[in-house]
Every structure is written in structure tokens, then in C-alpha cells.
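Have the structure open as you read.

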Amino acid sequence: MAVDQPAERTSSRKVLKRAITLLALVLVIEYVVVPQLPGIQSSLEQVGSANLWFVLAGAIFEAGSLFCYAGLTRSVLPKESAPGLWTTFLMDLSTFSVSHIVPGGSAAGSGLGFRLLTERGVTGPDAAFALAAQGIGSAVVLNVILWLALVVSIPVTGYNPLYLTAAIAGILILGIAVGCVILLTRGEARAARLLRWIARKVPFLNEDRMHQLAHRLANRLRALGSDRRRMVHAVGWASGNWLLDATALWLFIAAFGHHTKIVGLLVSYCLAQVLAAIPLTPGGLGVVEVTLTASLVGFGVPKGTAALGVILWRLFEFWLPIPFGGVAYLSLRVGPRRPPRQELAEAAIQGAEEREDLHTWAERHALAVKERADGAAGPPAEG
């Protein structure tokens, strides 16, 4: 069968474009970033003398951080449909792989995560809520850690202009998170109308489904808020994810002979992660390295040591999840999935549980409906 030539040319252009982008990134790092870090080239000889025990410990803590993220994912899913911890870990690793290679990759990673969760028995609304709660909750915990570190750092080390940037970014993230929660829990009808309006403007979105999604998310958010045990578990897993990752960074810097002060490291780490949330590059590539290295130097870490420690940390935190995530994705694709009969049964149960009541149906159709005395009124037939 002959290959479609236009499609082949399009594919070739995409490959060429990616190759040029990668080459440009390498050139920027080599001729722009590296010269801004005096001493790094002369410090490369330290690589051979790095303490391998610290490197091994850092790798273990980095793996622990990823497992904590999987625990966070499971903690916001219903117990009856949540996959096992190992399966969830493979799913999150797959989403990291995608989000680390695509600009603004968080959306692509979330899309893959949604598909993998639903394939393993999680309903669509539960998967959507888990991904949203996971991202918002993790960002909130990160900003709390940042603010606590700033409160301790400013009286001890003084004010740094970077703190203002971090504070503004943190306030914006927290404001968005709190606004979403308030809108869904205390303004459910308004949120539903807003999503309907957005669905009218965006192609391929269904108004009715977006309206129902708002009510489902609000219900699940209220259920999560009323379950203090699940909330404590979620906060604990999110905190473990960030703190173990920061500990890995400390160990990778220590491998080159410098023991960084904890407060300074936390401020630098959280500052870089907050700025990385701005979707300029995949996973904050370049932004994290430059911000974190410069901030660590400001807290007294030698320039060459800071640069080498950050590069080693990013190798385990950013680059290695890409190939391992590809392997994880392949293992999930060949693994067991739900039988069709189970999918059909779950769809029937979900439909029964999520059917609209009279008030919701009436609001969606902008009708004023009065309940019958017995309270058992259904939506009128549409003629």
C-alpha cells in the first residue's frame, strides 16, 4: 500500500521542527546559561569525586517522592475503584513522561491520566475530580511550605527581591484554587451556568455534559471536605511528595561536598517550583535550573557546586521519568483491563446514581417547576 505523500511530508516537518527546537535549546544552555554561571566549567572535574552514597540516597528519596504522588492520587479517588499503589505509580509516571516533553504538557498529561484511570475502572467524573484535586491540592501544599520557609528565612537571612516574585505567584495560585473551591461548593448553580457558557464558545464541548460535570464535581468536593481522614491523607501525601523531592536535592548537592542550610534550600526549591507552574516550557525546563541555581548561590552555595547539584537532581527528577514513563505506559497497555461486561455494569450503576433530580433538570432547561404533593415528579416530556 502506497504511503500518503502529504502525510509523510507533514510527519517529516514535525520531526525536523522538533530537532531544530532541541538544537536551539542545547545552544541556549551552552552559550547563554552556562556562561552566566562562572566556575561551572572548572567545577566539572568534581563529578568524578562525587559521593556515590549521597547520590544513591538522593535517587531513593526521588523515587519515594514519586510514590507519594501516587499515594496522593489514590487518596482523592473512591476506595472501591482506586487502582493499587503500584498501578497508580505507573500511571503517574506515564503522565510525567508526557508532561515533560510537551510545551504546556500538564494538559496533555492530565488527558493521558484521565484515559488511564477510566481504563482501570474509575468513572469519568471521579477521574476528572481526582486529577483536579490532585493538581490544586499539591499546589496549595507547595505554597504553604514556601510561605513557612519565607517566614523563617526573612528574619534570619534578610529580604531578597526573588521573594516578591514567589509571593505574587503563590498568591495567584492560591487565589485560583480557593476561588474554584468556593465557586463549586457555594455557587454550584453559577458554576454550572459558567461551564455551559464556556461550552457554547468552545467547539466539541457538550453543554449538558459540562453542566452535569459542575454538579458532579461539587458533590465530590463536598464529600472530600466532609471526610477529614481522606483530607489528612491527601495533605500528608502531597507534603511527602514535595519534601522528599527537596531532600533529594539536598543530597545531590551534598554529594559534591556542600551541606546546604535547610531553610535556604526550601525557599530556593519552592520558588523554582512555583515559577515552573507557569507553562512557558515543558516541566519548567530552563526556568527551574536557572532560578534554583541562582537562588542557592544567594544562600551561600558555591556556584559550581550549586549548578552540578541542580543538574544531577534534574536528571533524576525531570529526565529519567521520560524513558521510564514510556516503559510504564507500555506495561499498562499490555496489562489486564476491565472486561466489557464490567464496563457496562459500571456504566449502568453510574447512570442510575447520577440521574438528575427535578430541580436540576428544571434549572438546566430554565423552567419553573412546582413539585407535586407526593414529591415524586419527573421531568416533563419534551415535545
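## A charged trio

Start with a network of salt bridges that links Arg115, Glu119 and Arg333. Keep in mind that this is a predicted model. Glu119 takes part in both contacts described here: its side chain meets that of Arg115 at 3.7 Å, N to O, and that of Arg333 at 2.6 Å, again N to O. The second contact reaches across the chain, because Glu119 sits in helix 5 while Arg333 belongs to helix 14 (residues 321–334), so the pair ties together parts that are 214 residues apart in sequence.

Arg115 and Glu119 are 4 residues apart in helix 5 (residues 105–119), which means about one helical turn separates them.

## Another salt bridge

The whole structure holds 4 salt bridges. One of them brings the side chains of Arg314 and Glu289 together at 2.9 Å, N to O. This pair also links distant parts of the chain, with Arg314 in helix 13 and Glu289 in helix 12 (residues 287–298), 25 residues apart. Here Arg314 is buried, and Glu289 is buried as well.

As background, side chains of opposite charge can pair when their charged atoms come close.

## Rings on rings

Now for the aromatics. Searching the whole structure turns up 8 aromatic pairs. Among them is the pair of Phe252 and Phe316, with 5.1 Å from centre to centre and 15° between the planes. Why does this pair count as stacked? The angle between the planes is 15°, and planes under 30 degrees apart count as stacked.

Phe316 is partly exposed, with a relative accessible area of 21%.

Elsewhere, ring pairs join Phe67, Trp86 and Phe89 into a cluster.

Key:
Residues numbered from 1 in each chain as written. Predicted model: local features only at pLDDT ≥ 70, side-chain atom pairs only at ≥ 80, totals over all residues. Heavy atoms only, no water. Phe/Tyr/Trp six-rings, centres within 6.5 Å; stacked < 30°, edge-to-face > 60°. Buried < 20%, exposed > 50% of the residue type's maximum accessible area, 1.4 Å probe, protein only. Helix = DSSP H or I, 4+ residues; strand = E, 2+ residues; numbered from the N terminus.
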